[in-house]
Amino acid sequence: MCLCHPCLREELEGFVSSGALSHLKVCFSRDDPEEEEEEEEGFTSTAPPRYVQHNLLRNRKHVTDILLKQKGFLYVCGDAKNMAKDVNDALLEAIRAELQVDQLDAMKTVALLREEKRYLQDIWG
């Protein structure tokens, strides 16, 4: 199996075509090594999403609808030090903004998703 970005993207898109996934949003943080040292704060809504958390925030209405109204699932795989924490923070922000609740209520919602095993993390450190 080839793991280059075009082949991997094609394989992932095959899961949508087959119906195994209903939606797929991909981003490869290392697509442009020259931009690797840019600060995340430089992310704008018109820039292509570089990191998972950017994709999540860009699609927060859709993500929260699928997770909370359609009882969807969110699987996060990656390093515990940065990516998993940043994605968790982005999920909290998405829920807070879309449900118009405070941080504590957003945290309770995320805790419920974890309890129901609808927000799962496969992380390593």
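**Close-up 1. Salt bridge between Glu-116 and Arg-118 in the predicted model.** Glu-116 is partly exposed because its relative accessibility is 36%, a value between the limits for buried (under 20% relative accessible area) and exposed (over 50%), taken with a 1.4 Å probe and protein chains only. Arg-118, at 7% relative accessibility, counts as buried. The closest N and O atoms of the two residues are 2.8 Å apart; a salt bridge requires a side-chain nitrogen of Lys or Arg within 4 Å of a carboxyl oxygen of Asp or Glu. By this rule the count comes to four salt bridges.

The model is predicted: local features need pLDDT of at least 70 and side-chain atom pairs count only at pLDDT 80 or more, while totals for chains, interfaces and linings use all residues. Residues are numbered from 1 along each chain as its sequence is written, and side-chain values use heavy atoms, with hydrogens and water left out.

**Close-up 2. Salt bridge between Arg-60 and Glu-98.** The N to O distance between these side chains is 2.8 Å. Arg-60 belongs to helix α3 and Glu-98 to helix α4, so the pair ties together parts that are 38 residues apart in sequence. Helices (H or I, at least four residues) and strands (E, at least two) are DSSP runs, numbered from the N terminus. Arg-60 is partly exposed at 30% relative accessibility, as is Glu-98, with a relative accessible area of 27%.

**Close-up 3. Salt bridge between Asp-89 and Lys-85.** The side chains meet at 2.7 Å, N to O. The two residues are separated by about one helical turn, because they are four residues apart in helix α4. Asp-89 is partly exposed, with a relative accessible area of 34%; Lys-85 is also partly exposed, at 46% relative accessibility.

**Close-up 4. The buried side of helix α3 (residues 60–69).** Val-63, Thr-64 and Leu-67 are buried. They lie on the same side of α3 because they cover an arc of only 90 degrees around the axis, the arc being that of the directions from the helix axis to the C-beta atoms. The buried residues of α3 pack against α2 (52–58), β1 (74–79), α4 (83–99) and α5 (103–115), where contact means heavy atoms within 4.5 Å. Exposed Lys-61 and Lys-69 are carried on the face turned away from the buried side.

**Close-up 5. Positive phi at Lys-71 and Gln-100.** Lys-71, in the loop between α3 and β1, has a positive phi of about 60 degrees although it is not a glycine. Gln-100, in the loop between α4 and α5, has a positive phi near 55 degrees. At 73% relative accessibility, Gln-100 counts as exposed.
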